[in-house]
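Please take a moment to look over the sequence and the 3D structure shown here.

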Amino acid sequence: MAGAIIENMSTKKLVFLGFLIFVLQALSILIGALIAPNPTSAIHYVATKCINRQRARSWLMPWGSNPCQQVHSFDEPLAKTLDANDIVFAVHVPLPNMEMSPWFQYMLAVLQFDIAFKIINQIGDAVMITIDAGIAYRDDLMSEWTTKFRSMEQRPLRCIFTVPKTYENEGRFYQCDPIPLMELSTVAHKYFLINLRLPVNDTMNVGIGEIKDVHLVGIHQNGGFTKVWLSMKTVFTPWILVATAWYWHRISLMTRAPVLLEKVIFALGMSMTFLNVPVEYLTLGFEWTWMLLYEDIQQGIFYATLFCFWIIFCGEHLMDQSQRNRLSAYWWQVGLVVFGSAILLAFDLSERGVNLSNPFYSVWASEIWTKVSITFIMVAGISVSLYFLSLCHMVRCVFRNIGGKIQQLPAMPEGTRLHYKGVIFRFKFLMLVTLACAAMTVIFFIINQVSDSHWHWGVYTVQVHSAFLTGIYGMWNLYVFTIIFLYAPSHKHNAHSRHTDVTEKPEHQDTRLTCGEQWPTEAYRITGKVAEE
């Protein structure tokens with residue numbers, strides 16, 4: 001029996017492979033830390049108060065060759081003669097003498113209101129603010145604006161006043177939560193113009209206080225980071241694709257049919273390849289509004305396949321022979337993965353799916369959809385928690401089962417004992433590497449949330465967020481490659497196999513890697529349970 005490469009490689013070669021993987025992992029982190037800029041940029045804009053007495057639906061520019069008539073403060077005498085419906089808040093993206101680029105990939109906009117406290121005009125409880133929003137674009141400074149989207153949206157206005165509501169404190173500002181305005185899945189044009197109206201009547205925008213200013217924060221992916229990210233994808237895509245094709249070619253040379261473990265390793269390689277394909281290059285020339293949704297689906301397929309692989313990898317080294325090689329044996333663990341993935345996909349479609357036709361839409365705009373979304377996320381979180389509890393239990397059982405095998409080693413001949421000790425050690429090491437990869441993902445995520453976006457290290461600036469993204473991305477590619485390579489069938493016949501597998505037939509002279517092969521690895525054979533627990 002030939003077994004897998006992990007069981008037939010010399011220790012020296014395995015150490016060299018481990019060192020190479022470690023170097024490539026460190027390189028992935030350093031690329032993000034020292035070469036890539038911060039993943040995103042946030043630019044602050046103060047909306048210009050434009051006067052629109054005719055209340056026409058034309059586009060009003062805050063500056064440039066044809067700026068709108070403006071009022072700088074609502075305390076000016078001119079502002080006293082205006083109605084609230086005469087005001088349009090205009091924001092030009094980007095700032096003067098700058099251009100947007102398709103390398104930015106996406107753009108988010110968040111609103112922040114400056115609302116002054118007045119005894120006679122206070123913010124009501126659970127109030128909704130209505131926004132008549134529109135966005136237009138153009139690709140040079142002289143052409144007319146082309147309407148992209150218009151929509152009448154409602155957002156919850158959540159503000160607190162931290163001091164007593166007395167006459168002495170009139171004019172102080174409320175502290176209001178940021179309000180998500182829009183999400184563009186592509187930045188295919190150089191200039192954007194956002195016009196916002198706050199229409200007022202007897203039932204609309206009543207009880208929203210005295211608005212003094214409107215701030216907009218535009219968030220987009222940095223072009224430099226996009227170039228680094230796509231460069232990594234360009235390198236990893238052919239690497240993992242060739243490795244996956246090579247792995248399946250070796251499996252196809254076996255005289256037996258592929259077992260479940262080998263099929264799921266192949267599926268893992270294909271899902272990693274699907275995630276790696278740098279489709280983002282095409283967004284540089286095409287206005288594809290579905291790219292964010294597509295990227296979420298890419299990640300969802302990979303992580304769902306990875307979770308299924310972990311369960312099957314542990315289970316196939318634990319099950320009886322009668323239970324092995326059947327996906328139905330893992331129905332509830334795989335069912336949890338599929339159910340949780342379906343819930344998250346439904347949540348994603350409910351927002352980003354609608355964003356394809358209306359970038360101003362948000363599921364958090366209404367209390368009902370907010371509760372539904374939170375419920376979706378909680379149910380998915382419960383499914384993931386149950387999955388990891390099951391995975392931890394299976395890992396514990398596998399190590400306990402291996403412990404029983406280790407106790408039998410002293411009674412074996414020396415050659416057999418040394419062979420099995422090597423097989424068990426390498427299997428346990430790979431299990432620990434898997435747990436380390438999962439732990440590193442969680443640790444890097446926590447560091448990314450609680451730390452500053454960059455650290456200073458001598459003359460260098462270390463981009464922590466970029467290092468997290470490139471490091472995790474590189475880690476999972478290297479992990480998948482390691483699994484594919486080490487669990488591919490070996491062309492070697494080790495000495496132990498020749499003495500113990502008495503039923504094995506001779507190897508074919510030219511095309512077959514193994515003949516009479518029954519197990520994908522030696523660890524797969526020796527770790528199975530004798531009887532069902």
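**How the helices pack**

Helix 6 and helix 8 are roughly parallel to each other, and the reason lies in how they are set, because an angle under 35 degrees counts as roughly parallel. In this predicted model, helix 6, which covers residues 291-316, packs against helix 8 at an angle of about 30 degrees, and their axes are 9 Å apart. Where helix 6 passes helix 8, the crossing is left-handed. On the side of helix 6, the residues in contact include Phe307, Trp310 and Ile311, while those that they meet in helix 8 include Tyr387, Phe388, Leu391 and Met394.

A second pair is formed by helix 5, residues 260-276, and helix 10, residues 464-486, which pack at an angle of about 150 degrees with their axes 10 Å apart. Helix 5 is therefore roughly antiparallel to helix 10, since angles over 145 degrees are counted in this way. The contact involves Ile265, Leu268, Gly269, Met272 and Asn276 of helix 5, and on helix 10 it involves residues including Tyr473, Trp476 and Val480. The crossing of helix 5 and helix 10 is left-handed.

Helix 8 also takes part in a feature of the surface, namely a nonpolar patch. Which residues form this patch? They are Trp331, Trp332, Ile382, Leu386 and Leu389, which together have about 590 Å² of accessible area. Helix 7 (331-355) and helix 8 (367-407) each supply at least two residues of the nonpolar patch, but helix 8 gives the most, with three residues. Ile382, for example, has its place in helix 8.

How values were computed:
Residues numbered from 1 in each chain as written. Predicted model: local features only at pLDDT ≥ 70, side-chain atom pairs only at ≥ 80, totals over all residues. Heavy atoms only, no water. Patch = residues over 30% accessible without salt bridge, like charges linked within 9 Å, V, L, I, M, F, W, Y side chains within 5 Å. Areas by Shrake-Rupley, 256 points an atom, 1.4 Å probe, with all protein chains shown as cover. Salt bridge = Lys/Arg side-chain N within 4 Å of Asp/Glu carboxyl O. Helix = DSSP H or I, 4+ residues; strand = E, 2+ residues; numbered from the N terminus. Axes fitted to C-alpha atoms, helices over the stretch in contact; angles between N-to-C directions. Parallel < 35°, antiparallel > 145°, perpendicular 65-115°, else oblique. Left-handed = near helix turned anticlockwise from the far one by under 90°. Contact = heavy atoms within 4.5 Å.
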